[in-house]
Structure formats: structure tokens, C-alpha cells
Amino acid sequence: MSIAYTSEEMMTVAAARMLSNGAVCFVGIGLPSTAANLARLTHAPDAVLVYESGPIGAKPPVLPLSIGDGNLAETADTVVSTPEIFRYWLQGGRIDVGFLGAAQLDRFANINTTVVGSYKNPKVRLPGAGGAPEISSSAKEVLIIVKQTKRTFVEKLDFVTSVGFLSGGNSRESAGLPGNGPAAVITDLCILRPHPVSRELEVTSVHPGVNRESILKSTGWDLRFAEGCGETAEPNSLELETLRDLKERTAAAHGVEGDAA
Amino acid sequence: MAEWVTLAEAIAANVHDGATVALEGFTHLIPFAAGHEIIRQQRRHLSLIRMTPDLIYDQLIGAGCAAKLTFSWGGNPGVGSLHRFRDAVENSWPRPLEIEERSHSDLANAYVAGAANLPFAVLRGYAGSDLPRVNDKIRSVTCPFTGEVLAATPSVRPDVTVIHAQKADWKGNVLLWGILGVQKEAALAAKRAIVTVEERVRELNAPPNACILPSWVVTAVCEVPRGATPSYAHGYYDRDNVFYRAWDHISRDRDCFNAWIKENILETEDFAEYLQAVSQ
């Protein structure tokens, strides 16, 4: 008995499933925050959500629109300063999972959020690094959630803001990065994981109704499919209802909040 | 000892052309009223520092106040691009903007180093990133005990830091709570600190360990109710999410932006008048 769902819902649900119960997760705003909160409201009630603005153990009733919304502070186990978040909690080695988005990504899951075009004369100036360079290096593992298109999945990044596996193989370990790097990239089409030796991303699970050709067409490099690549389980009714409910509550709250201010 | 003055007096006395200025507030307690007053007094050639240059710096940059920006994430949170920031970087409008780009972790550490009167910050960061390639101030230092190579970056020492807080007492002791960001470190790293507050109270009645800036580390304190609007002040008012979305439209076009700045900031007397103007 399956319910109709969108590719974005599939992506969010697939990403949420990756977060295990009890994991301490450093959450970026947007898609990562949606997925992490969906996990918390379904199979991972004890996941600890950490936001770079300072809340630790946030349990927001609706999705925050910014990284420092008041509901994060109100529902957190504790709120610390931003320097403390980065120094004691992230660099201190207390983060299990860093949950990131990306503007551009390459075959070794390196991320660009800085510029499209040259740095000095950018075609598009993107927001920049934020917390990502140190999240991607210090979290024990990293999950990346991003829509898959030829513009985002590129052969060569215009700028490496935050590193995945650098040039592959053991280059990440050699660079002395403390965390293990990206464990998975979750898109609206499939799930990719790094090959255990080459560290190149390969498709390990295709979302239902997506064919391999469309995945290749949405990728700027000669993407490989892993041996034994399977199909992602469809979102179940609990996952979908929880996600839709959360999004509805969020829209209502932010609309009202905005009108009242 | 902090002096209770009007915001116009505080900016006139402490924020000079060419100064290095940090306006901090991590989504919460962003000192919008003070930013507006800097625009109103038409300060120029400022070297601005801020971890998250959002709407407030978009306004300062578009209004021509800035020559340089040191930052780590420049966007409209939950909405998208900062159009005035992008126009300055991509097209040098209204004037060229030099950028010094770092990461959140770096800038947070650099404020801590500044507050601690140290010349540089040390962090485990930037390995493999292209940022050190475009910012020659991101260097490295070798630990004398373990031999580990760590990132070293200059501490942040603004001429003036401006923050917004919930309360100050009659002596000028300042209390803030909720999401604290880097405000305490930014204030202590600066030569002078201006604090705008929601209200002036007889007693702070704060518990021990509360985040308090004692009067004697604050230069000027100003009572500016709703002074963090359209961001929020925990316990006072919510974030005006509608304005953040509206800003995307206002700021997209140069003429539309100029008209908005003129009508709402340059032609208003103070923040109270601004609030009236935008509510109409």
C-alpha cells in the first residue's frame, strides 16, 4: 500500500533514515535540518541535534527558518556560545554526524559553497564556508543531502570549500583530517557512497521509479553503479505523514509569526 | 563606565570613517538600529567584520558604507542570496568591496583570541580547503609539543564592536540571554563597545553565570526598543520572517534598494521613526 510522494520527500526520508538513534548530529539549515528533525520525530527520538548558533539537543516543534531561531534555544538541553560550539563540541570530537548541504559536489564528495566561476571574478558569489570546512573535517562522519543535477554534480569544482576525500584513495587520511569523511550522499534520485578503496562516489541505491539513465544525465562525471546496487525503500506512511505534518506546522507558524511582527 | 547616550550620539562619537567595525549577533539580537544609524550618518570606508553578514550588512554595503568585509557566511538565512553583497563582489557596485573570507570556526576562534589579547587564533581547520589559497592570512603553526600542524589566523580586534542586548541597568551593566553567538567575545576584543538594549531597568536580577558585560567594558549604552528588528530579541519579540522574504525583492534591484534606503533610513530621524515608516 504505497502513497504518492515527491522526489524531494524521498530524498528527505532517505536522508533521515541514515541518522541513528542517539547520534550527536551537527545540523546545517535547510534540507539537513528537515531530515534531522524528521529522524528525531520518527525512528531516532534520542538523536541530539546541535546547531552552530549554540543550541545542543534542540527539539524544535517547527522547522527553524534560520540557524538561530528562538525555538532552537527554547527546546535545547543547553545553549552555549558560538565559539564554544566550534571549540569544545565540534573540534573537541563530540560530533558523530555532520549533516551538510552543497552547491557543487565532485566525485570525491568535496564541496563548493563559495563561488561559481573564478574567485576573483565570480559568475555567482555563493554565501561561503560557514561552519562546513570544520564540520566536514572534524565530525566522525558526514552526510550530504543535495539535489542531483549536472550543475551541482560537476567534474571539477570551481572552488573547494569543504573537503570530502580530496583526490581519493587515502589522500584524506594523509592530510590529517580527524573525521572519517562522507559516509553517504543522498539526492532526489539515489544514494551514493564512497568506494571503500578509491573513495569515489558510486550509486548504491536507486530511488523507486528512477532509471539509471536519468541519474547519469544528472551527473557531470562518468558515474559508476556499485555492485549489488539496489532500490531504496519507498517512504512509509509514518515517514510521509510526519514529514508533511512538520512542513505544514512550519508554514503555519512562520506565516503567523511574520504577520504578527 | 558605560555612558547612557542616544544611539545617534554613540555612533557619532565612536564610529568614524575608515574604522574597523564589528556588528555581531548570530541570527538573534542583530543590532539593526545601530546599522541604520551608521547609514544615516553616512559613514564611509568602513572595514566591516561579521560572521554572518546578513540583511544588516547588505544594507550597509549597498548604502556605500563599506570598503572591506571580513566574513564567513553571507546569505539571507532561509531565503537565499544577499543581492547588495553579491552586486558589490560581482560588479563593484556601489563601490569595490575587498573581501577577507574565513570559516565560522576560524572567526569564532579569532574573536576569542582578540578578547584574550592574543595575536592569533589556533584551530584544527582548513586542511584541504581552497580558502588558504585565496586568503594569505590563513597560515599554519606547528605545535611545539606534538608537532601537529594547525591553522593559525590573526585575531579580530575591531576599533568598535556594536551589539544589541535585552537589558541594562542604570549603571550600564548589560545582560543578554538566548542564542549568544560571539557577542561577548566581540565586545571584549574591541577597543570600544556600543550596546543597544531593549530596556533600561533598575536591577538586572540575573543569576550567577548569566552572560553579563560589566559597565566598565562598555563604552556607550543606548535604549532602543525593538532595536534588533527584523531579527528577534528572546523574551521580547519574534523574528519578522516576512521582512526577510520581502528583502529579497527590495534588494534585488539597485533603484528599488536606493529608494528604500532613502525613504526608510536617510529620511527618518531615528529607529522609532523607521519602525513607523516600515509599518505603513
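In this predicted model, buried residues account for 55% of the 280 residues of chain B. The chain has ten helices and 13 strands, and its C-alpha atoms occupy a box of roughly 60 × 50 × 30 Å along the principal axes. As for overall size, a compact globule of 280 residues would have a radius of gyration near 19 Å, and chain B, at 19 Å, agrees with that. Of the contacts in chain B with a separation of 6 or more, 73% link residues 24 or more positions apart.

Chain A can be described in the same terms. Here eight helices and 14 strands make up the secondary structure, and buried residues come to 54% of the 261 residues. The box filled by the C-alpha atoms of chain A is roughly 50 × 50 × 35 Å along the principal axes. For 261 residues, the compact-globule expectation is a radius of gyration near 18 Å; chain A has 18 Å, so the two agree. Residues 24 or more positions apart supply 66% of the contacts in chain A with a separation of 6 or more.

Strand 9 of chain B has several pairing partners. With strand 11 of chain B it runs parallel, joined by nine bridges, and B:Ala165 sits opposite B:Val197 of strand 11. Strand 2 (residues 20-23) of chain B also pairs with strand 9 in the parallel sense, over three bridges; there, B:Val21 has B:Val160 as its bridge partner. Strands 9 and 10 of chain B form a hairpin with four residues between the strands, in which B:Gly172 adopts a positive phi near 100°.

Strand 9 turns up again in the packing of helix 1 (residues 7-14) of chain B. The buried residues in this helix are B:Leu7, B:Ala10, B:Ile11 and B:Asn14. These four lie on the same side of helix 1 of chain B, because they span an arc of only 95° around its axis. The buried residues of helix 1 pack against helix 2 (32-40), strand 9 (160-169), strand 11 (192-201), strand 13 (220-223) and helix 10 (271-279) of chain B.

Another part of chain B holds an open, antiparallel sheet of three strands in the order 6-8-7. Strand 6 (120-123) and strand 7 (139-142) of chain B are its edges, each pairing on one side only. From one strand to the next, the twist averages 40°. Strands 7 and 8 (residues 149-154) of chain B are joined by four bridges, with B:Ser140 bridged to B:Ala151 in strand 8. Helix 5 (residues 104-115) of chain B lies across strands 6 and 8, at about 135° to strand 6.

Helix 5 also takes part in the contact between the chains. In total, 46 residues of chain B are in contact with 46 residues of chain A. On the chain B side, helix 4 (83-91), helix 5, helix 6 (131-134), helix 7 (183-189) and helix 8 (241-252) each provide at least two of the residues that touch chain A. Helix 5 of chain B has the largest share, with six residues. By type, the chain B residues touching chain A split into 19 nonpolar, 17 polar and ten charged.

Note on methods:
Residues are numbered from 1 along each chain as its sequence is written. Chains are lettered from A and ligands numbered from 1 in the order in which they are written. This is a predicted model: local features need pLDDT of at least 70, side-chain atom pairs count only at pLDDT 80 or more; totals for chains, interfaces and linings use all residues. Two strands pair if DSSP finds at least two bridges between them. Axes are lines fitted to C-alpha atoms, for helices over the stretch in contact, and angles run from 0 to 180 degrees between N-to-C directions. Two residues are in contact if their C-beta atoms, placed from the backbone, lie within 7 Å. A residue is buried if 20 or more other C-beta atoms lie within 10 Å of its own, exposed if 12 or fewer, and partly exposed in between; C-beta atoms are placed from the backbone. The arc is that of the directions from the helix axis to the C-beta atoms. The radius of gyration is taken over C-alpha atoms; the globule rule is 2.2 Å times the number of residues to the power 0.38. Ala, Val, Leu, Ile, Met, Phe, Trp, Tyr, Cys and Pro count as nonpolar, Asp, Glu, Lys and Arg as charged, and the others, Gly among them, as polar.
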